[in-house]
Amino acid sequence: MSEDEAYLCEYKEKYDNTKEIRAKAYNIISEILKIQCPHYTFVDVDYTALVYDNLFLCMKEKITDFYIEKNRSGKCIFTFDEILRQIEIDYHEKIDTVAYQYFQVLRSIRDAYAEYPSEPWNNCAESNCRDCADSDVCNLFKQVSILNGKSETDKNRIIHNLILKTPQVGKNNNLPQDSLVSHLFLNLLDEIETLGLVRNDAYETIKDGNRTYRLTLDSSYDIDEFQKNLREELEKETDRSLLYECDVLITDRLCEENLFFNGGDVNVLTGNELSEISGITSSTVEKMKKDCNRPKIIRLIDRKTALGELK
């Protein structure tokens, strides 16, 4: 056996997509932890997914450092003992963090993306994006690749800007599920070529040179719930400029022509009310103008409307 064959051999078991690969890896990690750390009574699929991502990040960092510091012709070897040490780390405390909530959304994006080519509503000819001859011109493939290449900090900001809220630890945060991610996030990235990640870590596109459409994965079913979530978020120390720079928010199912946004106040006005307030010069309205240099109206549109206006 040559030296290389000690490290390189074909893995016999085959998988259709990355979701299946992850599921197999989660199972292997779980079995290892049963043997090595039987006192870890908290191990479940969510926990093994967290271990997998931390292991993947560790391997990625080692490979990157190797190519930066050493000659590319050498061997970058990650031993089983090193893998085992990473798996045995107690990551349980990370579950009680906001970052873990963001990780759950990112996991939904990855899982939905792995199955996306086989979904009946798209026109994909391949079952795996990496095997597709058109991947170099596919906006979905490009955008997911960009997202996966970001640092953990950047990913957290991107997910925050997608769900428009900071999840609370230990609570049911109604985070977007695979089905919502698939038909809203992935479908729009696939069909709207101009929609993509921009410098402010938000998914946006501009129409007619001046109207900014921003994508959100907010899963609210009614406008009152959306207002409540948005108002609570704006009371925190967040970057409100993202909303000021947005003219249209693409949502799952909400449609509202007039979302009046002014500082920390978010109220829905009907078209008649909007016309009435435009001509009022009372002290209340004047104070409102002073409180915010850029009061504006944001439209809410659902996925089908977005496709009609942008595709």
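Predicted model: local features only at pLDDT ≥ 70, side-chain atom pairs only at ≥ 80, totals over all residues.
In soluble globular proteins, nonpolar side chains tend to be buried together.

Tyr203 deserves a moment of attention. Not counting residues up to four places away in sequence, Tyr203 touches several residues, including Gln143, Leu147, Leu162, Phe185, Arg214 and Leu215.

Next, helix H1. Helix H1 (residues 18-36) has 19 residues and reaches 26 Å from its first C-alpha to its last, close to the 27 Å expected at 1.5 Å a residue. The buried residues of H1 are Arg22, Ala25, Tyr26, Ile29, Ser30, Ile32 and Leu33. These residues lie on the same side of H1, because they cover an arc of only 165 degrees around the axis. On the other side of H1, Lys34 and Ile35 are exposed.

I come now to the aromatic pairs, of which there are five. Tyr26 and Tyr52 form an edge-to-face pair, 5.6 Å centre to centre, with 85 degrees between the planes. Tyr26 lies in helix H1 and Tyr52 in helix H2 (residues 45-69), so this pair ties together parts that are 26 residues apart in sequence. Tyr26 is buried, at a relative accessible area of 9%, and Tyr52 is buried at 17%.

Phe185 and Tyr203 form an aromatic pair that is also edge-to-face, at 5.1 Å centre to centre and 90 degrees between the planes. Phe185 is in helix H7 and Tyr203 in strand E2 (residues 203-207), 18 residues apart. Phe185 is buried, at 1% relative accessibility; Tyr203 is likewise buried, at 1%.

Finally, ring pairs link Tyr40, Phe42 and Tyr47 into a cluster. Tyr40 and Tyr47 are touched by Ile89, not counting residues up to four places away in sequence. Ile89 is placed in the loop between helix H3 (80-88) and helix H4 (98-115). Is Ile89 buried or exposed, or partly exposed? Ile89 counts as partly exposed because its relative accessibility is 35%.

Key:
Residues numbered from 1 in each chain as written. Heavy atoms only, no water. Helix = DSSP H or I, 4+ residues; strand = E, 2+ residues; numbered from the N terminus. Buried < 20%, exposed > 50% of the residue type's maximum accessible area, 1.4 Å probe, protein only. Contact = heavy atoms within 4.5 Å. Expected span 1.5 Å × (residues − 1). Arc of directions from axis to C-beta. Phe/Tyr/Trp six-rings, centres within 6.5 Å; stacked < 30°, edge-to-face > 60°.
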